[in-house]
Amino acid sequence: EAEIYKEKGNAFYVKKEYSEAFNYYTKAIDACPKNASYYGNRAATLMMLSRFREALEDSQQAVRLDDCFMKGHLREGKCHLSLGNAMAASRCFQKVLELDPTNTQALQEHKNATALLEFEKMAELGFEKRDFRKVVFCMDRALEFAGACHKFKILKAECLALLGRYPEAQSVASDILRMDSTNADALYVRGLCLYYEDCIEKAVQFFVQALRMAPDHEKARLACRNAKALKAKKEEGNNAFKDRDYDAAYQLYTEALTIDPNNIKTNAKLYCNRATAGAKLNKMEQVIEDCSSAIKLDESYIKAYLRRAQCYMDMEQYEEAVRDYEKVYHTEKTKEHKTLLKNAQLELKKSKRKDYYKVLGVGKDATEDEIKKAYRKRALMHHPDRHSGASAEVQKEEEKKFKEVGEAFTVLSDPKKKSRYDSGHDLDDDGMGGPKQSPRHKMFHMMQFRGVGLLTTMVGTQQFTH
């Protein structure tokens, strides 16, 4: 009767109807539990169904019943190899070669087991050196031999997470959890992905679940501790900032940045938060540095670009500000970002022309009277008559400054020209005549201070500075 069941199982196996084949091989084993070949056949069927752990048990039972059963040893070795146990696989293939030194299948599988061991060693070394790309490469090669090995899949997923390739890592972990919802390693990797994507509360839930399944899971314990510490410290900093205690907020964000250098997204936010606090403390160079650190960690972090651009604007580094606003606008074409970019471009344009306010030594909010007084003072300071005894080089430089003073006054004393100048428009547009002085104004500019040395002696410089 057992042989009949076996033959029916063989027929279904040939037709690739493995579930039916499994049922008949099981009936054969039930009818004759001491026959090694029945276990061997069922092991082959289980392997085709990718149920390698069950197949391993059947293979081991087969060789226990018949130590010279080469197919049993070969299948046991293949199961060990698929499950990632290269050392055990090698022993099985070596046993086959002892029985048949010319067995080509055993020879090839033994080479595969040796290659798997080598990839494991390379991956271990790569992980120690934090060369996660190399580990992923090694695990991809290893999984070609050991496709059912959860350990290799988990290691690959962990390294993908550490490389910031979260969707790939999540996919690998989810595949394992579909087969084994209590797999602590897979739960840990799911939590790790969430943690690195700054979903810290959800991450903690997965770490806690992993620790329930495996209380000694050291990586899950460390990640859980870091996640809780990072969340608490960040919240402390945020609360201090809301309370306008900017020094405390700055210090708390600094402390938070030391907790886990691998958490790129959260650290990018912490750098940006510290930059915001730094701006309140007028630490402009540090603000730029922190924003740059945030952008280095997350090149798509719009908030960091905006914060750095504003800082550049405050420091009158307009070219850098324009670059950042261009990046922001190309990423998110909003009306607000367009306005910010246009303003920065306007300030850049204005910065490349003469600063007439600076020439006269007044602020941009100076009154008409203040502009006139400043003009008289600067014109007196740089008038050619005052430097007639100086070297030719000094005379040339003072004459240039004297002309600039006249140009500045021409623009800033004319309400229309001043308005256009302040708004960043070219002064030559719309027939405004540009900043050059008219012949009449030039004559006034020169004649007003003609004989400046004599006048200074007679009435003193005080009348020209009031």
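**Figure 1. R130 in the loop between α7 and α8 of a predicted model.** R130 sits in the loop that links α7 (104-128) to α8 (132-145), and everything shown here and in the views that follow comes from a predicted model. The backbone is worth a look: phi of R130 is near 60°, a positive value in a residue other than glycine. For context, most residues other than glycine have a negative phi. With a relative accessibility of 45%, R130 counts as partly exposed.

Figure 2. Is D198 buried or exposed? Its relative accessibility is 16%, so D198 counts as buried, whereas R130 at 45% counts as partly exposed.

Figure 3. A disulfide is a covalent bond between the sulfur atoms of two cysteines. How many disulfides does a search of the whole structure find? The count is 0. C199 is in no disulfide, and the nearest cysteine sulfur, that of C193, lies 11 Å away. C199 counts as partly exposed, at 34% relative accessibility. C224 is buried, with a relative accessible area of 5%.

**Figure 4. Helices α3 and α5 packed side by side.** Two packed helices are described by the angle between their axes and the distance between the axes. For helix α3 (residues 36-48) and helix α5 (residues 70-82), the angle is about 30° and the axes are 10 Å apart. Angles under 35 degrees count as roughly parallel, and α3 and α5 are therefore roughly parallel to each other. Their crossing is left-handed. On the α3 side, the contact is made by G40, N41, A44 and M47, and on the α5 side by R75, K78 and C79. By class, the residues of this contact divide into 3 nonpolar, 2 polar and 2 charged.

Figure 5. H73 is buried, with a relative accessible area of 5%. Which residues are in contact with H73, leaving aside its neighbours within four places in sequence? They are V63, D67, C92, K95, V96 and L99.

Figure 6. L56 belongs to helix α4 (residues 52-65). A relative accessible area of 13% makes L56 buried. Beyond its neighbours within four places in sequence, L56 is in contact with E76, C79, H80 and L83. One of these, C79, also takes part in the contact of α5 with α3. For a reference distance, L56 and F145 are 89 residues apart in sequence and 16 Å apart in space, C-alpha to C-alpha.

**Figure 7. E332 in the loop between α18 and α19.** Here the focus is on E332, found in the loop between α18 (318-331) and α19 (335-351). E332 counts as partly exposed, at 36% relative accessibility. Setting aside neighbours within four places in sequence, E332 is in contact with I302 and H337. E332 and I302 are 30 residues apart in sequence, while their C-alpha atoms are 8.5 Å apart in space.

**Figure 8. The crossing of helices α21 and α22.** From α21, the contact is made by I371, K372, Y375, R378, A379, M381 and H382. From α22, the residues in the contact are E398, K401, F402, V405, G406, F409 and L412. What are the residues of this contact by class? There are 8 nonpolar, 2 polar and 4 charged residues.

How values were computed:
Residues are numbered from 1 along each chain as its sequence is written. This is a predicted model: local features need pLDDT of at least 70, side-chain atom pairs count only at pLDDT 80 or more; totals for chains, interfaces and linings use all residues. Side-chain values use heavy atoms; hydrogens and water are left out. Contact means heavy atoms within 4.5 Å. Helices (H or I, at least four residues) and strands (E, at least two) are DSSP runs, numbered from the N terminus. Ala, Val, Leu, Ile, Met, Phe, Trp, Tyr, Cys and Pro count as nonpolar, Asp, Glu, Lys and Arg as charged, and the others, Gly among them, as polar. A disulfide is a pair of cysteine sulfur atoms within 2.5 Å. Buried means under 20% relative accessible area, exposed over 50%, partly exposed in between (1.4 Å probe, protein chains only). Axes are lines fitted to C-alpha atoms, for helices over the stretch in contact, and angles run from 0 to 180 degrees between N-to-C directions. Angles under 35 degrees count as roughly parallel, over 145 as roughly antiparallel, 65 to 115 as roughly perpendicular and the rest as oblique. A crossing is left-handed if the near helix is turned anticlockwise from the far one by less than a right angle, and right-handed if clockwise.
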